[in-house]
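Hi everyone, thanks for making time.

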Amino acid sequence: MKKEKDSQRLGSAPLGRLMVSLAVPAVAAQLINVLYNIVDRIYIGHIQGYGDVALTGVGVTFPIIMLISAFSAFAGMGGAPLASIELGRQDIRKAELILGNSAGMIVLFSVLLTVGFSIFKRPVLYAFGASDVTVEYAVSYISIYLIGTIFVQVAVGLNTFISGQGESKTAMLSVVIGAVLNIILDPLLIFVLDMGVNGAALATVISQAVSAAWVLRFLTSKQSVLKLRVKNMGLKADIVKRIAGLGVSPFIMQSTESMVSITLNSGLQNYGGDLYVGTMSIMTSIMQLILIPVQGIAQGVQPIISYSYGAGDRKRVKGAFMRLLASGLLGTLLLGGVAVLVPGVYAGIFTNNEKLIELTCQVMPVYFLGITIFGLQSACQSTFLALGQAKVSLFIALLRKVFLLIPLAIIFPKFMGVMGIYRAEPVADIISVVTTGIVFTFTMKKVLHNMEEGNISKEA
């Protein structure tokens, strides 16, 4: 079958050309995907009369949005590398079983998250750093956003199974369709129909629904090597255990982003006030702009590493990683360097408030200093996932945010005031990158040695 041959090119096509063909659409998809939230913030920040306050309020909802994405990553990024490994072993039946169980988990997560956050949204938002001035904007935005939780889960979580079979252009289109629609709907609903923050949220929900429909259409069509079948959606303990073992790492990477946001916003509110929380709303969006291209490259390269690992091709695994490392490090050096050296390039995109722009430009070079070398950690973390190295991947995911950033963001301001919160980020980044590099060196040697001996774990 043609599509099976297309997936087999993951193990046979020239490596450099294949990486470009998979990574470019993946980067485009990641960049476009982040526009869902960033475009909302750009438009909201420019609403006449209350844009800066509304922007801060919407920024406070970021932890909830990240938690929703984290659960989709748990099921999608936990299952997709396993499915790619099974494709490398030519076991399509087992790969489809993994896809079905991931889809079943996504449905379950969507129901629980929608109900839970809808009931407790107001106290949760206050805990996340909202003030009496900003909370109503936060409640308005998240109330509508939660209606589309199932669409976000499907669009983000199951799209990984499209790129995981080498169909990165199709995966990109699923994101492009929704993002373009969101860009069109945002100004129409926010300004023309005068819906304000509600319009921004509604535009996102509609756009994610269209993306989700595209993903489901492809995964149930003859075009897909892996078919999403209802009979495979019943959760099986052994399959769920494998997905969870690998998915817990990207889940922690994204859910701890929510914990970090809570810690930083609460600290900035206590030590500075709404204006300082506003800087974090802007810098969170900029952080996405910097990391998304790097993560997109990793998403494009992951299927190659997973497939080659399943096929026992040691040389191809090593070659793909080295290219991933070089491109990731170059990306964070260039994009992070702009934030450090010329922060005004980014800051003015999100607001017209001169005081907010001035303060953001003051703290941004400090906050983004460590992110310039973060491409190394991103490459290593993605490769751990691609190889099914769940335990090591989990440790790295916990290290930067849970073991380092959150404690430092609590401790530093006690001695340095509000600037201590911003300084915690580069300290955590640098320590984490160095540690990851050391751990990866030893782990990769062991993995490559096992591959050379023909000892590839069937539990991967």
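So, how many salt bridges does the count come to? The count is six, where a salt bridge is a side-chain nitrogen of Lys or Arg within 4 Å of a carboxyl oxygen of Asp or Glu.

Quick housekeeping. This is a predicted model, so local features need pLDDT of at least 70, side-chain atom pairs count only at pLDDT 80 or more, and totals for chains, interfaces and linings use all residues. Residues are numbered from 1 along each chain as its sequence is written, and side-chain values use heavy atoms, with hydrogens and water left out.

Okay, back to the charges. Side chains of opposite charge can pair when their charged atoms come close. Take Glu86. Glu86 makes a salt bridge with Arg89, and the closest N and O atoms there are 3.4 Å apart. Glu86 also pairs with Arg242, this time with the closest N and O atoms at 3.3 Å. Arg242 sits in helix α11 (residues 237-271) and Glu86 in helix α4 (residues 62-88), so this pair ties together parts that are 156 residues apart in sequence. When I say helix, I mean a DSSP run of H or I with at least four residues, numbered from the N terminus.

Are these two buried or exposed? Glu86 counts as buried, at 3% relative accessibility, and Arg242 is buried too, at 17%. For the cut-offs, buried means under 20% relative accessible area, exposed means over 50%, and partly exposed is in between, using a 1.4 Å probe and protein chains only.

There's another pair I want you to find. Glu425 forms a salt bridge with Arg400, and the closest N and O atoms are 2.8 Å apart. This one links distant parts of the chain, with Glu425 in helix α18 (residues 419-452) and Arg400 in helix α17 (residues 390-416), 25 residues apart. Both ends are tucked away: Glu425 is buried at 2% relative accessible area, and Arg400 is buried at 6%. As for shared partners, salt bridges join Glu86, Arg89 and Arg242 into one network.

Which residues make the nonpolar surface patch of about 540 Å²? They are Leu333, Ile373, Ile430, Val434, Ile438 and Phe442. Patch residues have over 30% relative accessible area and no salt bridge; like charges are joined within 9 Å, and nonpolar side chains (Val, Leu, Ile, Met, Phe, Trp, Tyr) within 5 Å. The areas come from the Shrake-Rupley method with a 1.4 Å probe, and for residues only the protein chains shown count as cover. Helix α18 gives the most to this patch, with four residues. Ile438 is in α18, and at 47% relative accessible area Ile438 is partly exposed.

A pocket here is found on a 1 Å grid over the protein atoms alone, as an open set of points where a 1.4 Å probe fits, with protein on both sides within 12 Å along at least five of seven lines; lining residues have an atom within 4 Å of a point.

Who lines the second largest pocket? Among the lining residues are Lys318, Phe321, Cys380, Gly437, Thr441 and Lys445. Helices α13 (314-341), α16 (375-386) and α18 each give two or more residues to that lining, and the largest share, six residues, comes from α18. By type, the lining divides into eight nonpolar, two polar and two charged. Nonpolar covers Ala, Val, Leu, Ile, Met, Phe, Trp, Tyr, Cys and Pro, charged covers Asp, Glu, Lys and Arg, and the others, Gly among them, are polar.

Last stop, the backbone. Most residues other than glycine have a negative phi, and most peptide bonds are trans. Gln90 is not a glycine, yet has a positive phi of about 65°, and sits in the loop between α4 and α5 (92-127). Asp194 has a positive phi as well, near 55°, in the loop between α9 (168-192) and α10 (196-219). Asp194 is exposed, with a relative accessible area of 64%.
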